[in-house]
Amino acid sequence: MKPVCINTYRLRKKWARQAIFWAILFVFVSSCSPKDEVAAIRELIKKGAQLAEDHDVGGIMELTTEDVVALPGQHNRLEIKRILWAALLHYGKLKVLYPEPSVRLTSNESVASSRVYLLIVKKDRNLPELKELYKDPRRWLEEVGENADLYQLNLQMLKKDGDWLVKQAHLEGFKGIGF
């Protein structure tokens, strides 16, 4: 009988170690939840908007992959830099306003897409009512209407070395009745 008790003790100890292992693994996996990835992508977008306001083309390009492509037109990295520089010169001091971006992760969570509605305005223009509509993109778009430079930016992103980077950007201007 005693050998059975020793085996039972060893078996319980083994189960206890496995339970602790699974508990630690669960905590680790849940700390990298899809919600955290969505927040990281939204933070990337926020950083990109701030860099645009600061006219930091180099900083914007650091948020992209080496083989980034901009659409329409299949623009490569060098062409994107030129387009950004020209756009920033055109606007001068500006603000980039947008409602909460939608984010969609793939099942492996290393590829994502996001849709951002952007409003580019002169820096001194004040639109406080838009802040209240951050979580409601549809009402945000209705409020903006046809009175500003409104764009839809669709991003395809990859997670590389723990950081999200833009691989493809597709920018569409508002056409008055939709995108």
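This is a predicted model: local features need pLDDT of at least 70, side-chain atom pairs count only at pLDDT 80 or more; totals for chains, interfaces and linings use all residues.
You'll find glutamate 129 in the loop that runs between β4 (111-122) and α5 (137-144). Is glutamate 129 buried, exposed or partly exposed? Its relative accessibility is 32%, so glutamate 129 counts as partly exposed.

Now let's turn to a glutamate in another setting. Glutamate 37 sits in helix α2, which covers residues 34-53. With a relative accessible area of 8%, glutamate 37 is buried, because buried means under 20%. What joins the side chains of glutamate 37 and lysine 159? The link there is a polar contact of 2.7 Å.

Next, salt bridges. Here is the background idea: side chains of opposite charge can pair when their charged atoms come close. How many salt bridges does a search of the whole structure find? The count is 5, and I'd like to walk you through some of them.

One of them brings together the side chains of arginine 42 and glutamate 100, at 3.3 Å from N to O. These two belong to distant parts of the chain, 58 residues apart: arginine 42 is in helix α2, while glutamate 100 is in the loop between β2 (94-97) and β3 (102-105). Arginine 42 is partly exposed, with a relative accessible area of 24%. Glutamate 100, on the other hand, is buried at 18%.

Lysine 135 forms a salt bridge with glutamate 100, and their closest N and O atoms are 3.0 Å apart. Again the pair links distant parts of the chain, this time 35 residues apart, with lysine 135 in the loop between β4 and α5. Lysine 135 counts as exposed, at 63% relative accessibility.

Let me finish with a salt bridge between glutamate 66 and arginine 77, whose side chains meet at 3.9 Å, N to O. Where do the two residues sit? Glutamate 66 is in strand β1 (residues 64-71) and arginine 77 is in helix α4 (residues 77-91), 11 residues apart. Have a look at the accessibility too: glutamate 66 is exposed, with a relative accessible area of 65%, whereas arginine 77 counts as buried at 18%.

How values were computed
Residues are numbered from 1 along each chain as its sequence is written. Side-chain values use heavy atoms; hydrogens and water are left out. Helices (H or I, at least four residues) and strands (E, at least two) are DSSP runs, numbered from the N terminus. Buried means under 20% relative accessible area, exposed over 50%, partly exposed in between (1.4 Å probe, protein chains only). A polar contact is a pair of N or O atoms within 3.5 Å; within protein, one must be able to donate a hydrogen and the other to accept it, and residues adjacent in sequence count only if both atoms are side-chain atoms. A salt bridge is a side-chain nitrogen of Lys or Arg within 4 Å of a carboxyl oxygen of Asp or Glu.
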